[in-house]
Amino acid sequence: RRMGPDTKWFGLTRPNWAATLTAKFHVNDFQGESTYLPRAAFYIIGEPVRGTPLTWTSKTEAAVLKWKPGEPDNRRQIDSDGELLPPPPHIPKPDDGPTTLRFDTVQQLDLPIKNDYFKLVPFAGVRFTAWSQHVDGHGIARFAPFAGFRASTQFARAYPNVRSSLLGIDGIRHIVIPEIRAYAVKETTQHASEFIQHDAVDSFDDYEIVALRLRNLLETHRNGRVVEFFTADLEARLFRRADRDNAGSGVSFLHRIRWRATEALTFTTDGEFASEPEGYIRLNTGLEIHPPDKRFLLVLQDRYIRKGPHTLIASLKAGLSANWMVVVDVRQDIAKYQPGTPDTQKGDTQFALSFIRDCHDYDVTFFFSRDTGKREGGGFGISLSPHGLGSSLFDRRRTSRFESTAPGSEFAGERTSVLPY
């Protein structure tokens with residue numbers, strides 16, 4: 001996960017549970033940033049419920065929010081009729097912002113049903129969140145039940161006579177994985193419009209989606225082994241309450257394509273397209289250069305975000321020795337959207353340099369960063385992170401308006417036995 005230059009992260013993992021602690025230390029007290037840090041979390045992932053076919057997944061987190069706006073904070077609250085309220089007459093200084101304690105827990109039960117041909121997983125759960133202090137100075141709590149299901153199957157066919165020395169193809173195996181998931185959060189007791197939203201937990205709200213996904217994988221033989229040289233994921237997302245959940249667009253389409261042209265060259269593209277009125281929301285195109293000996297990985301990418309920055313990205317990861325690696329990341333905003341105007345302006349430059357030491361069970365990272373778009377946009381630090389702690393379904397942040405942050409919303413279809421087509 002990407003964090004600021006003075007953020008510290010530590011975690012422990014076991015087969016079915018994990019614990020993490022994240023903290024951030026300000027070198028300069030006048031830096032303005034409102035974040036839920038420090039933050040401690042405990043996960044239980046896929047724990048079988050004794051005597052039943054159910055599995056239990058849980059996340060419990062405690063965090064502290066220190067509101068440090070720094071610059072004038074122009075966020076405005078929305079009243080019960082959906083109208084914007086005037087900005088607060090007094091903007092707290094960085095040293096007199098309120099401190100809020102937040103407790104958040106998500107409990108989910110899954111019922112996996114699978115055989116040789118398909119997998120179906122109905123799930124249901126509840127999220128409870130409590131804040132010690134709301135915008136009016138009083139404590140508040142939220143109760144949000146949710147339910148849904150996810151399902152997938154798989155088909156495959158081999159084409160052994162398809163060969164091309166130019167494209168590096170020696171036979172093709174085509175795998176098709178249809179997936180469907182449905183998800184709904186209903187009867188939330190406190191809606192997101194009642195909060196100043198700092199992260200995905202604050203913005204959790206009623207939400208309904210049905211997603212249809214088709215994954216296409218092409219495999220071939222290269223250098224005596226089977227490689228996956230082409231993937232194309234296509235997805236359509238349907239929203240029953242488009243005005244509430246998807247900015248008025250009833251359907252959105254997503255794609256993700258990767259073509260491994262050679263052992264050292266991969267082309268990538270991914271994007272999101274919405275039905276009226278938005279059109280393309282995000283479109284990324286890129287190139288990855290990675291020699292077979294894996295000495296380095298160079299990623300070049302053009303990232304376009306509608307009503308956001310248009311950014312060129314260059315990232316290099318290179319091994320210095322058996323235990324040391326260097327990472328250089330440069331991002332240049334070539335255009336930056338200005339709210340309320342049709343014009344754009346030249347954006348900012350972000351630079352990061354990291355040296356990573358592999359210490360068997362954990363990594364030690366020394367890093368420096370600089371952002372020309374922030375008055376105090378530079379920093380350096382050190383972090384310690386254990387190996388093996390992957391992303392939990394509760395940790396997935398909303399990357400766009402189309403991404404649900406709710407538990408159970410992300411589903412990677414597990415491969416079952418392959419059916420011929």
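Which ring does the charged end of Arg 102 sit over? I looked, and found the ring of Tyr 36, with the charged end 3.6 Å from its centre. "Over a ring" requires NZ of Lys or CZ of Arg within 6 Å of the ring centre and within 35 degrees of the ring normal. Arg 127 has its charged end over the ring of Phe 204, 4.8 Å from the centre.

I noted the ground rules. This is a predicted model, where local features need pLDDT of at least 70, side-chain atom pairs count only at pLDDT 80 or more, and totals for chains, interfaces and linings use all residues. Residues are numbered from 1 along each chain as its sequence is written, and side-chain values use heavy atoms, leaving out hydrogens and water.

Next, aromatic pairs. I found six in the structure. Rings of Phe, Tyr and Trp (its six-membered ring) pair if their centres lie within 6.5 Å; planes under 30 degrees apart are stacked, over 60 edge-to-face, the rest tilted. Phe 146 and Tyr 183 have ring centres 6.1 Å apart and planes at 40°, so I logged a tilted pair. Phe 146 is in strand 8 and Tyr 183 in strand 10, so the pair ties together parts 37 residues apart in sequence. Strands (E, at least two residues) are DSSP runs, numbered from the N terminus. Both residues, Phe 146 and Tyr 183, are buried, meaning under 20% relative accessible area with a 1.4 Å probe, protein chains only.

Tyr 207 counts as buried at 4% relative accessibility, and Phe 239 at 6%.

Note on methods:
Helix = DSSP H or I, 4+ residues; strand = E, 2+ residues; numbered from the N terminus. Buried < 20%, exposed > 50% of the residue type's maximum accessible area, 1.4 Å probe, protein only.
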